[in-house]
Each structure stands twice: as C-alpha cells, then as structure tokens.
Amino acid sequence: MASAPHSRPLYQSPPAYGATYYAVPHQPVVNVVVVPARDERHRTNSRFCRAFFWGIVIWVLLSGLVRSYMEVIHWHHRRRHHFPYAVQWPAPWEYQIPDNLYMNYCTPSDGWKDLGRVDGRFWAAETSFYLLLSFVDTQLYFISRGDMSGGSSKFVVDNNLQRNLVRINVTVRYAEPFLRDLVKACEVFRTNDEMGVGLFTPHFQDDRSWNQFMWFETTISLPSYPSNHIIENLETDLPNTVHEIKNLAPYFFENVHLQGSNAPITSDAFHFRQASIKTSNSPIIGTFNTTDSLVLKTMNGNIKVDVGATATRRSSPNVVLSTSNAPLEANVHLFSTKGEAGQYEVATSTSNSPLGVTIGTQPVDAIINFSGSTTNSPAVAVLNPLFEGTFDVHSTVFGPYVRADARLEDPSGRGRKRFVFMRNGKRDIQGSVSWDKGGPSMGKAVLKTTNSPATLNL
C-alpha cells in the first residue's frame with residue numbers, strides 16, 4: 001500500500017544550534033496575511049470560553065445520566081434482594097408494633113383469598129376474623145401501623161350475623177403482587193380483655209418506589225340482634241384511615257375513643273356515654289349522641305354535626321367541638337331524663353373561618369354555659385328562647401349584635417314575663433336575659449371573633 005505523501009508546514013523555524021539540517025525543497029511563494037497579535041489573542045479567548053461552556057454542559061448531562069443509571073441499579077438490587085415473592089415476614093424491614101400489644105393469630109401468606117386484579121391496575125385479597133362478644137367482654141380495639149397501612153374502616157350492622165359474633169373483614173389492594181406478603185393482619189389483644197384486629201406494614205428506612213403502594217378496606221360488622229346491646233369500650237388507632245359509622249342505633253357504647261389522621265370521620269347514628277373522636281386535615285361530619293361528654297376535634301377540616309346531649313341523674317353533659325382554618329357548623333339539642341332541668345357545657349371554636357352554632361332544644365330551667373369563638377370570620381350563635389343567663393358578645397372592627405325580644409311569649413306555657421338587660425360598648429355587648437327575673441342559678445353565653453361581625457340571637 002502506498003504511503004500518503006509527506007506534508008510539511010508552510011513555515012518552519014530554524015533548527016536549534018547543533019541540530020542536524022535537512023534540506024527543504026523549494027516551495028512556491030503564496031500571499032500571507034499577518035494577523036495582529038491582539039486579534040489572535042481575542043479569538044483564542046473566545047474559543048476557550050466556548051470550549052469551557054460546552055464542557056460544563058456535557059459534564060452536567062453525563063452526571064445526570066450516571067445518577068439515573070445508579071438509581072435504577074439500586075432499585076433493582078433492593079427489589080431483588082428484599083422483596084422476594086414468597087417471603088413471609090421480611091427481616092430487613094421494621095414493624096412498629098406497640099410493646100403492650102400481643103398478637104394472637106396472623107393471616108399466613110397462603111391464608112389470603114385472592115380476588116384477582118381490579119380495573120387492570122391493582123391486585124386485591126381479603127381475610128376475615130371473628131370475635132366473640134362474650135369472650136372480649138364487649139371491648140373492641142383496632143389499630144394500624146406502617147407506611148402503607150392507610151385506607152378505610154366501616155362499622156355496620158349485619159342482619160345475617162350470629163348474636164354473639166363480631167366479624168372483621170379486611171380487603172387489601174396493592175400495586176405489586178409481592179406487597180401482600182409484607183402485611184401482618186393479626187388478631188390482637190391488650191390488657192383488660194381488649195381484643196380486636198391490627199394491620200401492620202413495614203416502616204421504610206428510605207424512600208420507597210412509586211409502585212410500593214397499598215391500602216386497606218376494613219369492615220367491622222356487628223349483629224342486628226345482639227345478646228348484649230351495650231358495648232363497654234370501642235377504641236381505634238388508625239392513622240390515614242377513614243372512619244365511617246353506619247347506623248349503629250341498636251348499640252350503646254360506654255366509652256368511645258376514635259383516633260385517625262388525614263382522613264374524614266363520619267357518622268349516621270352513634271350513641272354513647274362519653275367519646276373522644278379526633279382526626280386532622282379532614283372533616284368530622286354526622287350525628288353524635290352523648291349522655292356525659294363528647295369531644296370532636298380536628299384541624300384544617302370542617303366540622304358539620306348534629307349533637308344530642310342528654311343529662312341524667314349522674315351526669316351533666318359536656319360538649320367540645322374544635323377545629324382550625326375551617327368552618328364549624330353545629331346543631332345542638334339538649335335533653336334530660338331525670339325530670340329536672342339539667343346542666344350543660346357547650347364549647348365551640350375554630351379560626352380563620354365562619355362559626356355557626358344553634359341550640360335548638362333545651363329543657364325548661366336548664367343551666368347552659370355556651371362559648372363560641374373564631375377569628376377573621378363571622379360568628380353566629382342562636383340560643384333557644386328558654387335560655388336564661390348573662391351574655392357577652394365581642395368583636396373588633398365590626399360592631400357586635402344581639403337580638404333579644406322582651407315581648408316574646410313564654411315558650412314553656414307558664415305565662416312568664418321576659419326580662420332583657422343590655423349594655424352596648426364599642427366592641428362588645430354585655431347583658432342578661434331571664435324569665436320572671438330568673439332563678440338562683442343561670443347560665444352564660446360568650447361569643448367572640450375578630451375583624452368580622454359577631455351575632456347572638458336569644
């Protein structure tokens with residue numbers, strides 16, 4: 001093969017002293033343009049800047065590609081080694097199970113009933129538990145823990161259920177088949193004969209992949225005609241889980257404690273002696289009836305409820321409704337079973353949202369202490385004309401308003417005369433209202449807001 005002709009530069013500097021000379025063939029004379037040194041330096045700097053800029057761009061792109069590639073390799077490695085399809089209780093993961101909780105029985109991997117794939121996207125499986133009402137002494141407890149343990153819980157009455165049984169049906173829906181084997185669905189119990197069901201999923205030490213997702217749909221069914229209509233205790237501790245109470249009218253609960261978060265709590269009919277019902281970032285809606293105390297508390301979620309409070313010979317009902325940054329709307333009805341007037345405490349509060357409370361029913365001569373407060377939004381309270389006591393209505397910027405008609409006919413039918421006293425201030429109105437100058441003990445109503453009107457109707 002012939003070699004390429006040897007090329008030489010147009011100009012060649014003289015050789016160094018002592019160097020060997022080579023003859024240079026005669027070259028034709030060409031026109032040469034001499035570039036000034038200053039322009040040459042400018043072009044050199046420009047080429048350097050362009051090369052530096054594109055070097056940075058290439059470095060950023062390569063860094064992104066390498067990082068993405070390493071994340072994919074890491075995810076496949078973790079899935080391959082920590083998510084085997086047949087694993088039962090995977091050791092690498094942490095389960096946050098309370099120390100005072102004991103697990104009696106957990107559904108094994110082959111104990112789930114496969115429901116197939118739903119909508120072509122999620123798989124589903126279910127399992128069931130049965131509790132004896134007589135054995136647990138009607139103390140029911142439900143708990144969930146873990147990064148994927150959220151969902152919904154529904155309490156219903158089942159006409160086909162035996163009189164002494166409670167059925168808990170758990171349906172789990174999941175994005176990847178191996179996730180189901182990470183679930184611990186267990187029959188649990190605590191001290192004092194509290195027994196129920198716990199749902200546990202792993203707590204991830206680092207961010208999980210987008211497809212590591214599942215949720216639970218739990219239905220707690222009570223018999224329509226139970227051997228005992230009184231449930232001693234009902235307690236839930238279910239973060240990120242909807243609570244739905246569906247017409248439990250046949251039952252009376254002595255103690256209720258429902259704890260949720262980031263999910264609503266709703267009720268059709270719920271009767272109890274005392275209850276604490278709490279969630280966050282979600283509403284509380286429905287009907288609640290107490291003979292002693294009721295606390296409904298949330299934040300960043302509205303409260304819209306009908307509350308019945310019945311005084312007995314041993315109790316004076318106390319109702320607390322509280323939220324923040326969301327409206328509060330409540331209709332409260334006060335009753336008494338002891339043939340006497342009864343005494344009641346009703347406290348309502350929100351912030352940065354409207355407050356509206358109506359006490360529609362109350363016994364004659366009842367002693368009612370009511371408070372309602374919000375900020376930066378209107379506050380409106382309507383008390384029953386039978387209310388007797390002092391009142392204090394306060395607002396800033398906007399003047400408060402009180403409506404009380406002294407000529408109103410006695411709603412008790414006794415023919416009493418109504419007395420209304422009122423003192424107007426710049427930012428508050430104080431006074432009292434009574435029938436026949438009132439009895440030895442009277443109630444009190446306080447309504448407050450800021451930067452918005454406050455209106456009390458008596």
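These notebook entries record what I looked up in a predicted model of one protein chain.

**Conventions.** I worked with a prediction in which local features need pLDDT of at least 70 and side-chain atom pairs count only at pLDDT 80 or more, while totals for chains, interfaces and linings use all residues. Residue numbers run from 1 along each chain as its sequence is written, and side-chain values use heavy atoms, with hydrogens and water left out.

**Whole chain.** I found 2 helices and 28 strands, taken as DSSP runs (helices H or I, at least four residues; strands E, at least two) numbered from the N terminus. Of the 458 residues, 42% count as buried, that is, under 20% relative accessible area with a 1.4 Å probe, protein chains only. I then looked at contacts (heavy atoms within 4.5 Å): among those between residues at least 6 apart in sequence, 64% join residues at least 24 apart.

**Aspartate 292.** I located aspartate 292 in strand β15, residues 284–297. Leaving aside residues up to four places away in sequence, aspartate 292 touches Arg273, Gln274, Ser315, Ser316, Pro317 and Asn318. Proline 317 lies 25 residues from aspartate 292 in sequence, with 4.3 Å between their C-alpha atoms.

**Lining of the largest cavity.** I sorted the lining residues (an atom within 4 Å of a cavity point, on a 1 Å grid where a 1.4 Å probe fits but cannot get out). They divide into 7 nonpolar, 9 polar and no charged; Ala, Val, Leu, Ile, Met, Phe, Trp, Tyr, Cys and Pro count as nonpolar, Asp, Glu, Lys and Arg as charged, and the others, Gly among them, as polar.

Technical notes. Buried < 20%, exposed > 50% of the residue type's maximum accessible area, 1.4 Å probe, protein only.
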